[in-house]
Amino acid sequence: MTAPDTSGQLAEQLLRLTRRLHRAQKRYLDPVGITPAQSRLLRTVAHYEAPPRMADLAEHLEVVPRAVTTLVDALETNGAVRRVPDPSNRRVIRIELTDQGRSTLRALRDARRAAVEDVLAPLDDDQREVLGDLLAELLTGPARTAS
């Protein structure tokens, strides 16, 4: 008799949960008029004390610079960010949140909370705390590479 593949089962469950969370988040973000990728970029811009360079955003998001350009274009079109010249180097463009962008961020936070609440609804407070501890351990523990 073969032992069950618990690692494979856990991987599948994590992937299914990630997809469920992504669908819930998209459902709540649609009324805000923003995609999950745009949401991530907007939150990243807000994270910086000073307006970041496009290259900083690409590095932080671990994407190619062209992907950031596309996201900034969309966010600029809806008025959430604006491109501003770097005061010390005119060739450098920085990305700045607008008042509309800050308002969108508030709506995003509410949408993300609602999406997470949908997914976590079956869990009581103690179970949520255990899940949070386990996820924190997975995220901060040493990553193992295949030999």
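In this predicted model, the side chains of D56 and R53 are joined by a polar contact of 2.7 Å. D56 itself sits in helix α3, which spans residues 54-61. Is this residue buried or exposed? With a relative accessible area of 18%, D56 counts as buried, because the cut-off for that label is under 20%. Setting aside residues up to four places away in sequence, D56 also touches Y48 and R94.

Two other helices are worth a look as a pair. Helix α2 covers residues 36-47 and helix α4 covers residues 65-77, and the two pack with their axes 10 Å apart at an angle of about 90°. That makes α2 and α4 roughly perpendicular to each other, since angles of 65 to 115 degrees get that description. So which residues do the touching? On the α2 side they are A37, Q38, L41 and L42, while α4 brings in V68, L71, V72, A74 and L75.

Strand β1 takes up residues 81-86 and strand β2 residues 89-97; the two run antiparallel and are joined by 6 bridges. One of the residues involved is R82, and its bridge partner in β2 is E96.

Key:
Residues are numbered from 1 along each chain as its sequence is written. This is a predicted model: local features need pLDDT of at least 70, side-chain atom pairs count only at pLDDT 80 or more; totals for chains, interfaces and linings use all residues. Side-chain values use heavy atoms; hydrogens and water are left out. Two strands pair if DSSP finds at least two bridges between them. Helices (H or I, at least four residues) and strands (E, at least two) are DSSP runs, numbered from the N terminus. Axes are lines fitted to C-alpha atoms, for helices over the stretch in contact, and angles run from 0 to 180 degrees between N-to-C directions. Angles under 35 degrees count as roughly parallel, over 145 as roughly antiparallel, 65 to 115 as roughly perpendicular and the rest as oblique. Contact means heavy atoms within 4.5 Å. Buried means under 20% relative accessible area, exposed over 50%, partly exposed in between (1.4 Å probe, protein chains only). A polar contact is a pair of N or O atoms within 3.5 Å; within protein, one must be able to donate a hydrogen and the other to accept it, and residues adjacent in sequence count only if both atoms are side-chain atoms.
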